[in-house]
Amino acid sequence: MSKKVKQFIGGQAIESQTSEWLPVDNPATGEVIAEVPMATQDEVEQAVASAKKAFETWKEVPVTKRARIMLDYQALLKKHHDELAEILAEETGKTFEDAKGDVWRGIEVVEHAANAPSLMMGEFVENVANGIDSYSLIQPLGVCAGITPFNFPAMIPLWMFPMALVCGNTFVLKPSEQDPNTPMRLAELLYEAGVPRDVLQVVHGGKQQVDQLLQHPDIKAISFVGSVPVAEHIYRTGTQHLKRVQAFAGAKNHMVVMPDANKQQVINSIVGASCGAAGQRCMAISIAVLVGEANEWIDDIKDAMAQLKPGHWKDPSAAYGPLINKQAKARVEGLIAKGVEEGAELLLDGRNYQVDGFPDGNWVGPTLFKGVQPHMSIYQEEIFGPVLGLMSAESLEDAIDLINNNPYGNGTSIFTDSGAAARKFQHEIQVGQVGINIPIPVPLPFFSFTGWRKSFYGDQHAYGKQAVRFYTETKTVTERWFEDDIPDGHHGPNMTISMK
Ligand code: NAD
């Protein structure tokens, strides 16, 4: 019998009373490795109530102490780095290197959270009027909630709760039901680092449990990462219930290849950025726009992509793993078929791919199209698979227009040797994260993760200074003290100016 995933409610690991359990599969083998509960209404209610109660004491813990707990948490995450990566690889199918990267990018956010005392500094202006000073204080909101996707089960929960907690909030996490074991282990290690256990609650579920959180009057802020339709639902419902919401959504990321770029760098980058993690990254490159003579490199791109072999995470030669589930595989294969139907030329076909020894894995081989046009489904939709579409542009202006007309704005990159072309691109492109000779420009946590347009709903983004603004309120104090009230004998030599 497979293991039943617990929930963390009121600091206790409890088994859900629900009758609804979903299987958690190993996507490389098809084997059921765990069962995840769809929390009952009561359980979600208890988690929020416990987080609300915990807030009353946690918000009074000095920020230096909260920051020190994050330092201990960082050390524990580093100690358990490979163990976490193994749990993560089992339930996502990611290669071991990629799984370690997922954990590491989360650890970097915890390091950033340990800077809370400086991040939470207010401002002070003396003498805004005669004898009057003004200053601002940064204070936590209360109970915050996070809803996370399957594709980064370590990094994305760690984008959220360390920043929220270190600012003095308490947190209810509803991780993806497809890979709940990694976030559960993250929570255990946080408790081990010394937080009061009820500051972080973990409940499992899907739409019903998320909707309960979205409507709950005691939840002040919602952080969401996932697909566009769900992000839109979260943003609409959360704001309708008067909550602060940040919702990170899907993407369609373009790489522009100028003819003066370093060809080998372009090829190496394109291959990894499109097929790495089986294309299941919100910053994956799914379209390469070849400008002018860069169109002559298509055969080389094809040859390099054809070398990629997906496989099980324990196989060190595997370039990437399987898709997360059978529906995802069927959806990607359906989009490939649609690309052919709509007239794109299929140069590499990853459908019906088999990996020796793993007949039940959700494999899709590297897939390459050329002649992709803006009206085609493979251009309009986020594919979320190891599929790269090649498009052609006559000039940098044309490439910029194409990208700015696409509704998404998560990531983009340009490969060029020209500083002028790179500067024009970074200035004019309407995308939140831009790489110059870097294919996947995910910012480190002292900046923020800044998707634009249809890739993000809200205003304050994840981590960096923006996360502190998202998880806090600013209080502005204006104060005056009357010199007449200074007790006798306490007037200093220079304190003789009367306020009258
Ligand atoms: P998803 O939208 O299916 O699920 C995300 C979360 O929402 C899960 O916890 C899920 O249980 C919950 N959920 C699903 N349906 C819901 C509904 N109808 N109502 C309320 N909650 C619901 O996304 P996914 O497949 O897990 O993740 C992949 C998607 O996430 C891709 O679109 C990817 O681009 C996006 N993503 C975006 C970013 C970013 O930073 N922009 C980062 C990672 C992933």
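In which direction, left-handed or right-handed, does helix 8 pass helix 9? The model that answers this is a predicted one, in which local features need pLDDT of at least 70 and side-chain atom pairs count only at pLDDT 80 or more, while totals for chains, interfaces and linings use all residues. Residues are numbered from 1 along each chain as its sequence is written, and side-chain values use heavy atoms, with hydrogens and water left out.

The protein averages a pLDDT (the predictor's confidence in each residue, from 0 to 100) of 96, and 97% of the residues score at least 70. Over residues 495-500, however, pLDDT stays under 50. Where pLDDT is low, the predicted coordinates should not be read in detail.

To return to the opening question, helix 8 passes helix 9 in a right-handed crossing, a crossing being right-handed if the near helix is turned clockwise from the far one by less than a right angle, and left-handed if anticlockwise. Helices here are DSSP runs of H or I with at least four residues, and strands are runs of E with at least two, numbered from the N terminus. The axes of helix 8 and helix 9 come within 8 Å and cross at roughly 35°, where axes are lines fitted to C-alpha atoms over the stretch in contact, and angles run from 0 to 180 degrees between N-to-C directions. Among the residues that make this contact (heavy atoms within 4.5 Å) are Val 210 and Leu 214 of helix 8, together with Ile 234 and Thr 237 of helix 9.

Helix 8 (residues 207-215) also meets helix 1 (residues 41-58), their axes coming within 10 Å and crossing at roughly 40°. That angle makes helix 1 oblique to helix 8, since angles under 35 degrees count as roughly parallel, over 145 as roughly antiparallel, 65 to 115 as roughly perpendicular and the rest as oblique. This crossing of helix 1 and helix 8 is right-handed.

Helix 2 (residues 63-79) and helix 4 (residues 96-113) have axes that come within 8 Å and cross at roughly 160°, and the two helices are therefore roughly antiparallel to each other. Helix 2 passes helix 4 in a left-handed crossing, with Met 70 and Leu 77 of helix 2 and Trp 104 and Ile 107 of helix 4 among the residues in contact.

The structure also holds 18 salt bridges, each a side-chain nitrogen of Lys or Arg within 4 Å of a carboxyl oxygen of Asp or Glu. One of them joins Glu 232 to Lys 454, with the closest N and O atoms 3.3 Å apart. This pair links distant parts of the chain, 222 residues apart, with Glu 232 in helix 9 (residues 228-240) and Lys 454 in the loop between strand 21 (452-453) and strand 22 (456-457).
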